Amino acid sequence: QAATVVPSWSAREEMLDINLFRTEKGGNPDLIRESQRRRFAKVEAVDEVIATDVEWRQLQFQVDELRAQHGKLNKEVAMRKKAKEDADDLIAKAKEMDGNIKAKEAECDVVSAKRDELVKGIGNLVPDSVPVSNNEDENAIVRVSDLDKVLPADLMKEYKTVKELDDVVKKGEGKLSHVDLVQMLGLADTDRGATVGGSRGYFLMGDGVLLNQALINYGLSFLVPRGYVPLQTPFFMQKEAMAAVAQLAQFDDELYKVSGEGEDKYLIATSEQPIAAYHRNLWMDPKELPKKYCGISTCFRKEVGSHGRDTLGIFRVHQFEKIEQFCLTTPDDDKSWEMLESMITASEGFYKSLGIPYRVVTIVSGALNDAAAKKYDLEAFFPGSGAYRELVSCSNCTDYQARRLETRFGAAGQKKAGAGQSKQYVHMLNSTLTATERTLCCLVENYQTDKGMNVPEVLQPFMGGKTFIPFVKQLKDLKDKK
């Protein structure tokens, strides 16, 4: 059997291996301190973990000593009873010691919980290949595709950071933005959507529905031949499961809570969340790795952190469809780093096939979320907006998520390994393929004509052979309405 369920959910929710903080166990606290510096996070947090861990180990030593003494005392009681001798004094002493052990264990548990909470506040280790900065203008450009469609010949050169390229990018002459185009093409009704669904609500209509479904179906047909297994996930998760895969800030800024029968649940912000939780408490057989999933779901986000941004159109909305790549690999031999490159390459292939100009950037260290060791973004060019906008985020979380989920690496026969053998966890990676409404916005800007929009060739079979979508409204009509 490839994956075996661990009998119980571990109460410990460490994100980094505690032994990394222990020099006597072969750990390297300086490595964690440097990673915290790269994240522009609190370096002192590492020393707080170490101090609390030392306190816990001292208490645990005392607990072990008391248990050993208690064991000896019980043996003496047994010997006296066997010899028909009075053992009341030893029994009283053992009872008192038992109370002391329970009190010391409780003290030990408090310190252990404090230490584990401190560990949870420290982000994944940032490798040397990540640019160190707290300014996303310095996101490093890895590759640029079809730059000749974006810039004139005299500006064609190598650009190293996003700011260098953004400073010379301009809006295409006569090009309209997706905000107007979506309405002119009759793809969505945001006015009635807001009336019914509130802020950022929308109805996809007519060819908008067909185009959105075409992106979904093309995304599936693109990934499945590349070894990805489709997985349609639940749209909501229990709080315990969501807490294992989401950062605390997401509960306030991103996640919708749903009340109803039983305990409250949370709507998913990405299929990455339920797919990660799908592997909670599993042992993954090395022979079955890597595992590659093509997640399909509707996603729900409050977008609190983006208040006032992209309020028009359907680029940034509370509800959208997404095709997600989610992969699990062995922790050995840099396999997860090879998978990271494979996943971003797959996303690049998808947008190349759609004929979209894009750039791949490495996100600076200070902008990484806690789980990601390294993240690439694929940013597509929007000629009507005159800007590159993010369509894909691709992250290697190494074993950071797997530790909290207790998704262990190893065959079933390794479960009873000796106590001195360190635990191993799988590596988890995630990447967008397409958030379809956002991709739709990019397509209408890149494929606009003076009469409507051409349908990308690869999408035509998924739209009944349709090659062109005409305008049903003119820009003048929209402006008159405003």
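A residue is called buried when its relative accessible area is under 20%, exposed when it is over 50%, and partly exposed in between, with a 1.4 Å probe and protein chains only. The model is predicted: local features need pLDDT of at least 70, side-chain atom pairs count only at pLDDT 80 or more, and totals for chains, interfaces and linings use all residues. Residues are numbered from 1 along each chain as its sequence is written, and side-chain values use heavy atoms, with hydrogens and water left out. Helices (H or I, at least four residues) and strands (E, at least two) are DSSP runs, numbered from the N terminus.

Strand E13 (residues 374-382) is mostly covered, as nine of its nine residues are buried. In a regular strand the side chains alternate between the two faces of the sheet. In E13 both faces are covered, with Lys374, Tyr376, Leu378, Ala380 and Phe382 buried on one side and Lys375, Asp377, Glu379 and Phe381 buried on the other. Two strands are taken to pair if DSSP finds at least two bridges between them. E13 is joined by five bridges to strand E12 (residues 358-362), and the two run antiparallel; Val360 has Leu378 in E13 as its bridge partner. Strand E14 (residues 387-396) is also antiparallel to E13, through nine bridges, and Ala380 is partnered there by Arg389. Four residues lie between the strands in the hairpin of E13 and E14, where Gly386 takes a positive phi near 65°.

A further open sheet consists of three strands in the order E6-E8-E7, with antiparallel pairing. Its edge strands, E6 (236-238) and E7 (257-258), each pair on one side only. Three bridges connect E6 to strand E8 (residues 265-267) in the antiparallel sense, and Phe236 has Leu267 in E8 as its bridge partner.

Helix H11 (residues 335-353) has 19 residues, which at 1.5 Å a residue should span 27 Å; its end C-alpha atoms are 27 Å apart, which agrees. The expected span is 1.5 Å times one less than the number of residues. Buried positions in H11 include Met339, Leu340, Met343, Ile344, Phe350 and Tyr351. After H11 comes Gly355, with a positive phi near 75°. In the loop between strand E11 (319-329) and H11 lies Asp332, which is partly exposed, with a relative accessible area of 31%. Contact means heavy atoms within 4.5 Å. Leaving aside neighbours within four places in sequence, Asp332 is in contact with Phe409 and Gln424. Asp332 and Gln424 are 92 residues apart in sequence, and their C-alpha atoms are 9.7 Å apart in space.

A nonpolar core is a set of buried Ala, Val, Leu, Ile, Met, Phe, Trp, Tyr and Cys residues joined through side-chain atoms within 4.5 Å. The largest such core has 59 residues, of which Tyr351, Leu354 and Leu459 touch the most other members. Its largest share, eight residues, comes from helix H7 (residues 207-223). Beyond neighbours within four places in sequence, the contacts of Leu354 include Leu215, Tyr218, Leu443, Val458 and Leu459. Another core, apart from this one, has 27 residues, among them Ala246, Phe251, Ala402 and Tyr425.
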